[in-house]
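Q: Could you go through this structure with me, a bit at a time? I would like to understand the terms as we go.
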Amino acid sequence: MEADDQQVCFIITVPPEQLRKEKDKARELRKSQWWKRQTAKGICHYCRRRFPPAELTMDHMVPLIRGGKSVKGNTVPACRDCNSKKKYLLPLEWDQYLQSAAKEPNTGMDDPVQSPEGE
Ligand SMILES: [Zn+2]
């Protein structure tokens, strides 16, 4: 509400209170059965490698800070590697990372179910 969010408007496009609300929602979503099912698959959405469910973190495909929501269609399980890379890489570098990650032959246990249930 205050004019002081001007100084950060080049990165932050949503008001801090909305951000907090979405983070709360993310926390709730993380406790849900739905999320447990996502992590139980043990597959990182981005690199498609397998991880113990405890090592998968919740990633927002559209970052909250860009107006993304904590909803099922926007949250995916991601390994720590991908999660931190996504934060620090430029969109273009991230694309390249995804392409190379997807090409890596993995365990061969690829799960064909990859489209998020549209809701
Ligand atoms: Zn990954």
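Q: Leaving aside its neighbours within four places in sequence, which residues is Gly-67 in contact with?
A: Gly-67 is in contact with Thr-13, Val-14 and Val-62, where two residues count as in contact if their C-beta atoms, placed from the backbone, lie within 7 Å. This is a predicted model, in which local features need pLDDT of at least 70 and side-chain atom pairs count only at pLDDT 80 or more, while totals for chains, interfaces and linings use all residues. Residues are numbered from 1 along each chain as its sequence is written.

Q: Where does Gly-67 lie?
A: Gly-67 lies in the loop that runs between strand S1 (56-60) and strand S2 (75-79). Strands here are DSSP runs of E with at least two residues, helices are runs of H or I with at least four, and both are numbered from the N terminus.

Q: And how far is Gly-67 from Gln-18 in space?
A: From C-alpha to C-alpha they are 8.8 Å apart, although 49 residues separate Gly-67 and Gln-18 in sequence.

Q: Why does Gly-67 count as partly exposed?
A: Gly-67 has 13 other C-beta atoms within 10 Å, and a residue is buried if 20 or more other C-beta atoms lie within 10 Å of its own, exposed if 12 or fewer, and partly exposed in between, with C-beta atoms placed from the backbone.

Q: Changing topic, how many helices and strands are there in the protein?
A: The protein has 4 helices and 2 strands, and along the sequence they follow the pattern α-α-β-β-α-α.

Q: In which sense do S1 and S2 pair?
A: S1 and S2 pair in the antiparallel sense, over 5 bridges, and two strands are said to pair if DSSP finds at least two bridges between them. Within this pairing, Leu-56 stands opposite Cys-79 in S2.

Q: Is S2 enclosed or open?
A: S2 is largely enclosed by the rest of the structure, because 5 of its 5 residues are buried. Both of its faces are covered, with Thr-75, Pro-77 and Cys-79 on one side and Val-76 and Ala-78 on the other.

Q: Which residues make up the largest nonpolar core?
A: That core has 9 residues in all, namely Ile-43, Cys-44, Tyr-46, Cys-47, Leu-56, Val-76, Ala-78, Cys-79 and Cys-82. The largest share of this core, 3 residues, comes from S2. A nonpolar core is a set of buried Ala, Val, Leu, Ile, Met, Phe, Trp, Tyr and Cys residues joined through C-beta atoms within 7 Å.

Q: What does Cys-79 touch, not counting residues up to four places away in sequence?
A: Cys-79 touches Cys-44, Cys-47, Arg-49, Phe-51, Glu-55 and Leu-56.

Q: What about Gln-38, buried or exposed?
A: Gln-38, which is found in helix H2, counts as buried, with 23 C-beta neighbours inside 10 Å. In space Gln-38 is 6.6 Å from Pro-77, C-alpha to C-alpha, while the two are 39 residues apart in sequence.

Q: And how many residues of H4 are buried?
A: The count is 0 among its 13 residues, so H4 is hardly covered.

Q: Last one, what is the mean pLDDT of the protein?
A: The mean pLDDT is 83, and 76% of the residues reach 70 or more, where pLDDT is the predictor's confidence in each residue, from 0 to 100. Over residues 1-9 pLDDT stays under 50, and the model has 1 contact beyond four places in sequence for them.
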